[in-house]
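Terms are given with their cut-offs where they are brought in.

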Amino acid sequence: MANSSQPSGIWKVITASSVGTLIEWYDFYIFGMLAKTISTQFFPETNSTAALLSTLAIFAAGFIVRPFGALVFGRLGDLIGRKYTFLLTLVLMGGSTFLIGCVPGYKTIGIAAPLLVLLLRLLQGLALGGEYGGAATYVAEHAPPGRRGYYTSWIQTTATLGLFVALGIILLVKQNMTDAAFNDEWGGWRYPFWISILLVIVSIYIRLKMEESPLFLKLKSEGKTSKNPLRDSFRNRSNFKMVLLALFGAVMGQGVIWYTGQFYAQSFLETKCSLDFEQSRTIMLWAIAFGTPFFLVFGWLSDKVGRKWIMLAGMLAGVFLYRPIFSEFLSDTNSKNWVQTKKMQFVNENASLSFHQGDSVVTTSARYKTEDGSEFTRVTTDTARSGTNIVSRISSNEAAVIIINKKVNPATYFKFIFLVWIMIVLVTMVYGPIAAFLVELFPTKIRYTSMSLPYHIGNGVFGGLVPFIGLLLSTTFPADPLVGLWYPIGVAALCFIIGAVYLNNKIDKNVND
Amino acid sequence: MNNLKKILGLVWMVVAPLVIITLVLGAITYIDSNGKKDINNPIIWIIIISIFTPIAIGLMIFGWYAFKDDYQKLPDSSIEITN
């Protein structure tokens, strides 16, 4: 049986797979992006159990449950078929996301709120672990030889487009209401969760109309499907060595490049550079919009020149470019330099009074603008001690002054879009060809299981650890603000060496076996 | 190239336990019940060390396979894997 589809058929397959996978990524991301509001609503720091559940929701979902989901659904996909398995993951993901948006806050139902949210978040992680392998396998098993890289690269756009849609919807909702209305118990932060159910219903409808993978059907009709995909994947030395090679020679490096370009960059702009929320988000949105077509470019190119060197070139470029790029972010948002080198203009000032243990605390926020259009807010705090006439001029201590909501001028803004775009292009280099690479590495009867586990360990664990190891390194070596980058640089370099030495650049023409 | 693959196999077998030792030392250094950062939180360290231990064992096995010449020639077709 040929594994190629008619041209119109393959596009239906790609659409059905990509839309669903995009929605799953969207669902998974919005939780992380709204983590601050979610933690206020469900995981108050004052309750130690809730704080513990919060930690589990953030870390266990990505690090443990995603790889576990890869095993559970990978096995199902190799036993009962790709179509029904990735339909199941979609229902699970969509349902969990919608329900997170429906759980009343901690104030209303107490500890049941964080427990329910934790459970639903773990279900999200489980579903995500099963989705990608199914979608990539499904498209690859329909794609004609010589076009597999190009067709599967459409699936590869979904993780980044899911991020784009999540960023866009949250920004849109936030722009149309006040911060108080957004952060309220039943406020605007819930809308992105509710919107998910509409997207999922459409996607389920599309997927239900699709046929099962022709290669899987052929195996099934011949009675050649695996009876025990987990054993055949991980206890068969010939296959297990390929699982290890996929993980350490490709997916591990891809995970850190993927995470650093898309998430660490945004977090760095917001926390280390103190860039204004809207500006940092729109920088990401523009960079993603201009960068996403390159998934298709590199997927297509990998059909011509092989997958290996495109992916490894992306990793190597990350090794050499990350520190210079992030260093530019820091130096261009250094407001001390702005004050010393540019004319400053006072814009406005707000003061608020609060009380802390009987003392009066005055917080003053003054907005300044430079002659070339950059802006920042200087926050100072003065305390009037209770029962005395002493005012502690904390603001006179420069170390206690906080600079927030920086807005860079238009020239720097476009430069930042360009720099983030470069990092997104690196993501497209490592991520664009990888679905085809993984599919070609494993036999049809255990493909779903064998490719899902290394993918989710690479992406979820190695990628997901970027912020934690970054924090660990910056705490250990506080003098260097870029020290956190040594983790993705080190992992990408290690993966480059393993990939360069052990992988071959062969394109498998036949994935029917 | 084949010799390089073999020699590097030994390197991966050494690197794997070093990663775990580094993580355990990190946990011992930074776990602090009074700390507010993620690196002070024992639960996170338990999760990370639990998930990284099998990965490091995987790297050791990868090194062992490389040392035993399993990667001298990669399979040309899936039949070589399934048989």
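1. Two residues count as in contact if their C-beta atoms, placed from the backbone, lie within 7 Å. Among the contacts in chain A between residues at least 6 apart in sequence, 81% join residues at least 24 apart.

2. The model is predicted: local features need pLDDT of at least 70, side-chain atom pairs count only at pLDDT 80 or more, and totals for chains, interfaces and linings use all residues. Residues are numbered from 1 along each chain as its sequence is written, while chains are lettered from A and ligands numbered from 1 in the order in which they are written.

3. Chain A has 21 helices and five strands. Helices (H or I, at least four residues) and strands (E, at least two) are DSSP runs, numbered from the N terminus.

4. For its 513 residues, a compact globule would have a radius of gyration near 24 Å, and the 25 Å of chain A agrees with that. The radius is taken over C-alpha atoms, and the globule rule is 2.2 Å times the number of residues to the power 0.38. Along the principal axes, the C-alpha atoms of chain A fill a box of roughly 90 × 50 × 40 Å.

5. Of the 513 residues in chain A, 52% are buried. A residue is buried if 20 or more other C-beta atoms lie within 10 Å of its own, exposed if 12 or fewer, and partly exposed in between, with C-beta atoms placed from the backbone.

6. β1(A) and β2(A) run antiparallel and are joined by 12 bridges; two strands pair if DSSP finds at least two bridges between them. L353(A) stands opposite V362(A) in β2(A). The two strands form a hairpin with two residues between them, and Q357(A) in the turn has a positive phi of about 50 degrees.

7. D359(A) is found in β2(A), residues 359-370. This residue counts as partly exposed because it has 15 C-beta neighbours inside 10 Å. Its C-alpha atom is separated by 70 Å from that of E211(A), 148 residues apart along the chain.
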